[in-house]
Amino acid sequence: MPTLQDLMTTLHGWYPPATAEGWDAVGLVLGDPEASVRKVLLAVDPAPEVAREAAAWGADLLLVHHPLFLKPVHSMAATTPKGRTVATLQGAGCALLTAHTNADHAVDGVSDSLARALGLGDLAPLQGAAGPAVDKLTVYVPPDAAAPVRAAMAEAGAGRIGAYDFASFTVPGEGRFRPLPGAEPAVGSVGALETVQEVRIEVVLDRALRGAVVRAMLAAHPYEEPAYDVVEVADPAVSATGSGRIGTVERTTLGEFAARVAAALPETAHGVRVAGDPDRVVRRVAVCGGAGDFLLDAVRRTDADVYLTSDLRHHPAAEFLEHEGPALVDVAHWAAEWTWLPVLERLLTEAFGSEGGDTLEVRVSTACTDPWTFRAEPAEQDADAASGDPHEVAPAAETPSPTSPRDPRDEA
């Protein structure tokens, strides 16, 4: 059986914690990294009912999307829902691990999974993740001093590109200068214009190493005043990770696409809300798992025909539509993010399965933790009631709340 640390190492390789937003709380919440893990339950929310399900199944790990704690707490007593979640998991010997915004941004993460569940292809991030901050240092040096200068910069960390180090580029040329009074030139004489053979060396480096690399170069350079420059390299915007996704579907209409969404996601009381002409042609689709109104401006700058996300507020949605750009589809937050769980189930099973021995058991929670439980409909009125005040509507009977999600995979 793998240990909890084995699973964390693999999961953090897929969804690096360093890519989470600064306000987020991801990683191990509860559990011993050295403990063995035989059963893993996957869920969107670490709700009390999910903790009870994990305990009843004998799970060794509950892996969730939403953090249990995002604010500092002073007690985990079982007198609160979060405290009861902790107490239930501790009592069952079940660890708790969270992958939140780090899973939102990643390949095979939340938005990626949502897009693929809806049949989107040719996926790209709506808002690409920023690449590493990189500088390029260029310095001019006599040919016989090029090797030690290159080595000094490399030892300070320059020239590391992926799985390579000591990477640099060198090209020959001519340098010209005139030493002024007070100078102590290594080449040439004070007051005389000098032309020398030099080489131009270029290296890239992590921006955080800028000072160390420049100091190493200056210490190794034979000139009193070497010529060099440092430039910040622009982000090439080719990252496969980032917020949201945009992709292509076969030509359809907004009404047909909305029906596809309803069939692909677990059923909720929220349903699928649509803003736009149902006959509008849809080819390009933008999505964001979870609350995605922060990407509305980015969506407007794309060629998307429709944007699907959750938790859209009245004013941002209305103002977005006034620009006569993409249509909007609003779905339940929980349902959109649930689409990641079957993907994660497959990834974990493939990573930790074995042909001859024990296989890690991975299961998606059956609990629906969407907070909305039913929609009220106007009660039917008889003729006498219909003649009264139209605002006086009898309350609708409550419908039972769902106890488990409808898994679209069962209907495939």
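**Close-up views of helix packing**

**View 1. Helix α2 and what covers its buried residues.** The elements that cover the buried residues of α2 include β2 (39-43), β3, α3 and β15 (361-364), where contact means heavy atoms within 4.5 Å. Helices (H or I, at least four residues) and strands (E, at least two) are DSSP runs, numbered from the N terminus. This is a predicted model, in which local features need pLDDT of at least 70, side-chain atom pairs count only at pLDDT 80 or more, and totals for chains, interfaces and linings use all residues. Residues are numbered from 1 along each chain as its sequence is written, and side-chain values use heavy atoms, with hydrogens and water left out. Within α2, the buried residues are Val50, Ala51, Glu53, Ala54 and Trp57; buried means under 20% relative accessible area, exposed over 50%, and partly exposed in between (1.4 Å probe, protein chains only). They cover an arc of only 160 degrees around the axis, which puts them on the same side of α2, the arc being that of the directions from the helix axis to the C-beta atoms. Just after α2, glycine 58 has a positive phi of about 80 degrees.

**View 2. Helix α3 and its buried face.** In helix α3 (residues 81-91), Gly83, Thr85, Val86 and Leu89 are buried. Seen down the axis of α3, these buried residues fall within an arc of 155 degrees, so they line one face of the helix. They pack against β1 (27-30), α2 (48-57), β3 (61-64) and β4 (95-98). Just after α3, glycine 93 takes a positive phi of about 65 degrees.

View 3. Leu254, Phe257, Ala258, Val261 and Ala264 are the buried residues of helix α8 (residues 254-264). Around the axis they cover an arc of only 125 degrees, which puts them on the same side of α8. The cover over these buried residues includes α5 (110-117), together with the strands β10 (242-253), β11 (272-275), β12 (281-291), β13 (306-310) and β14 (327-331).

**View 4. The packing of α6 and α7.** Helix α6 (residues 146-155) packs with helix α7 (residues 210-220) at an angle of about 155 degrees, and their axes are 8 Å apart; axes are lines fitted to C-alpha atoms, for helices over the stretch in contact, and angles run from 0 to 180 degrees between N-to-C directions. α6 and α7 are therefore roughly antiparallel to each other (angles under 35 degrees count as roughly parallel, over 145 as roughly antiparallel, 65 to 115 as roughly perpendicular and the rest as oblique). Pro148, Val149, Ala152 and Met153 of α6 make the contact with Val213, Ala216, Met217 and Ala220 of α7. The residues of this contact divide into 8 nonpolar, no polar and no charged, where Ala, Val, Leu, Ile, Met, Phe, Trp, Tyr, Cys and Pro count as nonpolar, Asp, Glu, Lys and Arg as charged, and the others, Gly among them, as polar.

**View 5. The packing of α1 and α12.** Helix α1 (residues 4-14) and helix α12 (residues 340-352) pack at an angle of about 125 degrees, with their axes 12 Å apart. That angle makes α1 oblique to α12. Asp6, Leu7, Thr10, Leu11 and Trp14 in α1 meet Leu344, Leu347, Leu348, Ala351 and Phe352 in α12. The residues of the contact of α1 with α12 divide into 8 nonpolar, 1 polar and 1 charged.
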